[in-house]
Amino acid sequence: MAWLPDHAKAFPDKPAMIAAERGEIVTYRELNDRSNQLAQLFWARGLRPGDHIAVFMENHLRFMDAVWAAFRSGLYVTTVNRYLPADEAAYVVNDCMAKALVTSYSRRDVIAEMTPMIPNCTTRLMVDGVIEGWEPYEDLVAAQPAVPLAEEWMGESMLYSSGTTGRPKGILRPLSNKRPDEAVELRKQGNRYGVTADSVYLSPAPLYHAAPLAYVTNIHCFGGTVVMMEKFDGETALQMIERHGVTHSQWVPTMFVRMLKLPVEVRTRYRLDTHKVAIHAAAPCPVDVKREMIEWWGPIINEYYAGTEGTGSTFIDSEDWRKHPGSVG
């Protein structure tokens, strides 16, 4: 039942996360150690299985430290849309009853306005700098031992609906009451897209969204490498596929549209032969856009239709789609 600590032992210096644009790396040893240290900090601050934390930051290399700290502590983690204004972000933090919030210095203007709105969130950690009322993430984490808690239980995400018809609503699933190694093994059984420890996954979307968070987590379950883009750019995405030998990726239709608008000489400049599986979802994909993408990338494009609530899903590959254009399975 291999999971994070086993990967850290088997290949400690292997990249777990790569910041695409800057090339900075978090190794499996670092991800395992830091998530252990943060889990220890949460425990020292009184958080116990079933409690909630929140993460409010851009696509940052510390993002998954916090997620895995929650997952190995039996905690719920809510990832907050980094573009929300202070009052809306505070609503989510309060509604999920987060006892701890991890954010970054780049969010400082919103955070400064938000701070008095979240009185019950008493552990407030800021990465890359600090403002009044917040504690330096790096110093506090470094002071903790890089060892697992005496008992580890798998946590869960508690994500929020889009809120298009009112306030966003948290989707609360029961905890599995399984150890992390057991829960990870169950996740790995639904391996529809052939992920292995050799997989390199390009994540061009914000990690606070349900699908990117889930796929990044799954890649880590297998011991693969995540190439995380700070923000989407069509040509940069193609560069990253070539540079890092990307094997798997996930997109939304708007990204396809923007890449198809690139000049032909740009689109054909980069080698994409390592790219075996491209997944898309989140919005309807125009038939002509998808047809052009299959013609360009080949029959590697897979679509699914699902919801954060986890009530069910459908899937369709390129071959079936060609027989039923417009279908989502």
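A residue is called buried here when its relative accessible area is under 20%, exposed when that area is over 50%, and partly exposed in between, with a 1.4 Å probe and protein chains only. By this criterion Y208 is buried, because its relative accessible area is 10%. The model is predicted, so local features need pLDDT of at least 70 and side-chain atom pairs count only at pLDDT 80 or more, whereas totals for chains, interfaces and linings use all residues. Residues are numbered from 1 along each chain as its sequence is written, and side-chain values use heavy atoms, with hydrogens and water left out.

Helices (H or I, at least four residues) and strands (E, at least two) are DSSP runs numbered from the N terminus. In these terms, Y208 lies in the loop between β9 (200–203) and α8 (210–222). Contact denotes heavy atoms within 4.5 Å. Apart from neighbours within four places in sequence, Y208 contacts F63, T79, V80, N81, R82 and Y83. The C-alpha atom of Y208 is separated by 25 Å from that of A8, 200 residues apart along the chain.

Two strands are paired if DSSP finds at least two bridges between them. Strands β9 and β10 run parallel and are joined by 4 bridges, with S203 opposite M228 in β10. From β9 the chain crosses through α8 to β10, and this β-α-β crossover is right-handed; that is, with the strands pointing away from the viewer, the path from the first strand over the helix to the second runs clockwise. Strand β10 (residues 225–228) also pairs with β1 (residues 15–19), in the parallel sense, over 3 bridges, and I18 has V227 as its bridge partner in β10. From β10, T225 and V227 point one way and V226 and M228 the other, and all are buried.

Strands of a sheet pair through backbone hydrogen bonds, either parallel or antiparallel. Here 6 strands in the order β7-β6-β5-β3-β4-β8 form an open sheet with parallel pairing. Strands β7 (135–136) and β8 (156–157) stand at the edges, each with a single partner strand, so one side of each has no neighbour in the sheet.

Helix α4 (residues 86–95) has A86, A89, A90, V92 and V93 as its buried residues. Seen down the axis of α4, these residues fall within an arc of 160°, so they line one face of the helix; the arc is that of the directions from the helix axis to the C-beta atoms. They pack against β3, β4, β5 and α5 (108–114). After α4 comes M97, with a positive phi near 60°.

In helix α10 (residues 253–260), the buried residues are P253, M255, F256, M259 and L260. Viewed down the axis of α10, they lie within an arc of 155° and therefore line one face of the helix. Their cover includes α9 (234–244), β11 (248–251), α11 (264–267), β12 (277–280) and α12 (287–297).

Strand β12 is covered on both faces, with V277 and I279 on one side, A278 and H280 on the other, and all of them buried. Strand β11 runs parallel to β12 and is joined to it by 4 bridges, with W251 opposite H280. Strand β13 (residues 301–306) runs parallel to β12 as well, through 3 bridges, and I279 stands opposite N302. Together β12, α12 and β13 make a right-handed β-α-β unit.

The cysteines remain to be considered. A search of the whole structure finds 0 disulfides, a disulfide being a pair of cysteine sulfur atoms within 2.5 Å. The sulfur of C121 is 8.0 Å from the closest cysteine sulfur, in C96, which is too far for a bond. C121 is buried at 1% relative accessibility, and C221 is also buried at 1%.
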